[in-house]
Each structure stands twice: as structure tokens, then as C-alpha cells.
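User: I am new to reading protein models. Can you take me through some features, with the general idea first and the case here second?

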Amino acid sequence: MALFVALLVLSVAVCAQQPSSPETTPSVTLFQNVRVFDGKNPTLTGPTNVLVRANTIEKISNVPIPADRSGNTQIINGGGRTLMPGLIDVHWHAMLIRANPAQAIAGDAGYNNIAAGVEATDTLMRGFTTVRDVGGPVFGLKSAIDSGIIAGPRIFPSGAVITVTSGHGDFRQLSELPRTIGTLSRMEQIGASMVADSPDEVRLRVREQLMQGASQIKLTAGGGVASPFSPIDVSTFTEAELRAAVEAAENWGTYVTVHAFTPAAIQRAIAAGVRCIEHGFLMDEATAKLIAEKGVWLSTQPLPEELRLGFPVGSVQRAKAEEVWPGIARTYELAKKYKIKTAWGTDVLFSQALAQRQGAILASLVRWYTPAEALAMATGTNAELLAMSGKRNPYPGKLGVVEEGALADLLLVDGDPIANINLVAGPDKNFVVIMKDGTICKNTLSTPK
């Protein structure tokens, strides 16, 4: 066991090293005798060989692929195990997992970033090679991961949540009112949320996030559970304000996604040109039809009961959770009925323990989908949503699939996750190899010389 832990720590350290210089010979990894789930098709291939050069899948073949002539090839004998794309969570808050609400806003920013960095490494070790971060001061963490200072997933950042006074994401206290224009609250100073109460303010805040490297923009179009002064039934931004955000994002070649539960909030957002709805848990049939007709994405989550029960009994947040949770199943049913473009995420907040169940939350999709459909949603389908960032995509290349030319984010699974999706709920044991961007971050198999 001690040797296993030491090897795992070493592999994570290697994954976090600085990228190779252009003069360095590209690394080559050859996966032999694997069965491939490609992120799209519902069945595994027969015995297959996959060659990775640098950070790209170069060749896939059912006949033997010779090792690279440079002698630089690392050979991994899959022994019939399943090779699949790295998992993608498109509703993640990397800065809001290990902190509690008070620590996230009022706590020391250095501490919060270090805690988030440790959690980012854990996220990668759960097999999640990419996340779309939909709110929080994540730009520094992303830079640290991308530069190899720490191991973690690719991050598609939204930056600060953009909200209105009293909207979801406004975590100011009543003692901080009235707002003085030109004076930033603590939550705004750290980049967690930004208040915007006019179209002009919205444009400003959107452009600030884009300037910092946002790949997409997140607004809260309706009330939310966690925010203390944001009733569920309230629609927040006006259509003109939402249009301002959409216009500013589209000028940069990207899109706006909005937090929205109710039909009114969803419909107003769609009218303003929003291209992705987060949650949608209280939508009705007419709204589901509209989402489908307009080709809008639905990014929704099978929120676990533990998240609801985490709110104290008698609190306003618990009361709002009781209002929202019954709509989750109905939302998935409507999404299937109207063939809505549906993405998957977790929306874990303020709970390291719940974050460790990230794969189990994915597996819970089998309440509505086949295992193959659920896995495709968390790989190939989610990658299609990420691609809507256009040139704001921080990682040019194809994600979420095992195909020639795609980026090499790969998992070698000890078993068949299509036959047993619960394998993704036990990544420590079942993900024997984790590769991100062509670099092996975990390998518990013996590798032939």
C-alpha cells in the first residue's frame, strides 16, 4: 500500500510539471489491447490499439501499432480494459467546494486558493479532466493548472457571477446597503459575484470577465436556493439587461448561460438571445417546447439529496430547496420528451465530501438514461457545449471523444462502464490510468520496458 501511494503521488507530481519546451522530443504513449468507448457510440469496440503523441491521439487501429522509432514510447497493456474520454463536468464551482459560504466571501483569499488547488488535484484524480466553472474567482487557479504549477482539470472559466441587487449570487449583508455606486463590496473585490443594475453596468461587468479570460458568461436570471435574499419566483434581469450581456459576449464570439428555474425567467432569457439555461428545474411543458424549438442548451443536474439536506432545517435556503428539488425529475422527463440538447454537471457547493461523490452523481443519471447515454453526456455531448466558446476556448482542439486528432484526455477503466456505470463512482480503484493533455497523471499498472 505504501508503494502504491508513493507511485500515485509521483504520477500526480509528474502531471503538474511545467509543459515541455518545443525542443523536447514529444512523448509517445501506446495503449495496447483496449476496448474503446469513444464518447458517442453506445457500444465498446473490439480489441483496439491507441497511439498518443504529445497531447493528441494520433492513431487508432484494431491491428498492432509499432512503437515509435525514437524508443520514446511508453507502452500500456490495457488487458482488455476500457479506454474512454476524460469526464467533463459543465456546472462546477472550483473555488466553492472546500470553503463554507463565510470563508468563501470573507476568508483569506490565499487560503481559499490553496484549498481550491488541492481540490482541483482531487477532481482530476476522480477522472474529471475538464470542468466548466460557472461562477467564482477562478482565473488564478486556472493559470496555475495550465502552467503546470499544480495538477488539475482544464477549466473553462466564467469568472464572477453577474447578478442584480438581491439576485441569486448577491451575498451581501443588509448592513452593506444602500449600495454606493463606485464602491465594491467584498464579494465583488474578490471576483465572486458582480452586481449590475442596468444594461450599461451589465456590459461593463461582462467585458471585465472577458478581459480576464472568461470562456463564457454567467448571469442569474432568476432566484436561487443558496442566496439569502433571492426568492425562487423572482425574475431578476430585465430583457434589456440580458440582451446587453448577450451582445457583449457575442461581440467576443462566445455565449451567455443563465441560472434560471421558472418558466418566466427561462423564457425571458431565451427572448434575449441566451444560448444555455442552467438548471431549469421548474420549467413547464410550454417552456420545454420553446427550449427545443430554439435549439437552446439545457445544462441540468441530478442534484443529490445530501445537497438539499445540507441546508439547515427552518432556514430560508432549506425552504427554497424543498420548492426546487421535486422539479428535478420532471425536468429530465421533459428534456427527454422534447429531445432538448442536454448537458450534465453537478453543482456541488461547500462540501468536500459531496465533491468526492462526483462520479456517483454522474452514475445517478441512469434513473432517466442508459449508462451509455449518461457517459456520452458527460464526455462527447458536454464537449459540444464547451465548443460554443469559439475562439474564447482556452484549449483549442477536440475534447470529449476518443478519435484521431482529438486531444488526449483519457481514462483506462478496469471494467466496462457501459455494463456497470457505477465503476465511475469508484475512481480510486477503477481508473487505473488517467491521462490529461497527453500526460499520464495516474498509472497503477505495471508498464513493460
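Analyst: Start with contact, which means heavy atoms within 4.5 Å. Keep in mind that this is a predicted model. Not counting residues up to four places away in sequence, I277 touches T257, V258, A260, I266, A269, I270, V296, W297, L298 and S299.

User: Which residues touch the most other members of the largest nonpolar core?

Analyst: The general idea is that in soluble globular proteins, nonpolar side chains tend to be buried together. Here the largest nonpolar core has 97 residues, and V258 and I277 touch the most other members. There is also a second, separate core of 19 residues; V36, V401, L412 and M435 are among them.

User: How should I read aromatic pairs, and how many does the structure hold?

Analyst: A pair of aromatic rings is described by the distance of the centres and the angle of the planes. The structure holds five such pairs. One of them joins Y332 and W368, with 4.3 Å centre to centre and 15° between the planes. Planes under 30 degrees apart count as stacked, so the pair of Y332 and W368 is stacked.

User: Where do Y332 and W368 lie in the chain?

Analyst: Y332 is in helix α12 (residues 327-337), while W368 is in the loop between α14 (358-363) and α15 (371-386). The two are 36 residues apart, and the pair links distant parts of the chain. Both Y332 and W368 are buried.

User: What kind of pair do Y332 and Y369 form?

Analyst: Read the angle again. The planes of Y332 and Y369 stand at 80°, with the centres 6.0 Å apart, and the pair is edge-to-face. Y332 lies in helix α12 and Y369 in the loop between α14 and α15, so this pair ties together parts that are 37 residues apart in sequence. Both Y332 and Y369 are buried. Taken together, ring pairs link Y332, W368 and Y369 into a cluster. A charged residue is placed here too: K336 lies over the face of Y369, at 5.2 Å from the ring centre.

User: Which residues line the largest cavity?

Analyst: The largest cavity has about 50 Å³ of space. Its lining is A94, M95, L96, I97, R98, A99, N112, A115, A116 and E119.

Definitions and conventions
Residues numbered from 1 in each chain as written. Predicted model: local features only at pLDDT ≥ 70, side-chain atom pairs only at ≥ 80, totals over all residues. Heavy atoms only, no water. Core = buried A, V, L, I, M, F, W, Y, C linked by side-chain atoms within 4.5 Å. Buried < 20%, exposed > 50% of the residue type's maximum accessible area, 1.4 Å probe, protein only. Phe/Tyr/Trp six-rings, centres within 6.5 Å; stacked < 30°, edge-to-face > 60°. Helix = DSSP H or I, 4+ residues; strand = E, 2+ residues; numbered from the N terminus. Lys NZ or Arg CZ within 6 Å of the ring centre and 35° of its normal. 1 Å grid on protein atoms, 1.4 Å probe; cavity = no way out; pocket = protein on both sides within 12 Å on 5 of 7 lines; lining within 4 Å. Points joined across faces, edges and corners; volume = space filled by probe spheres on them.
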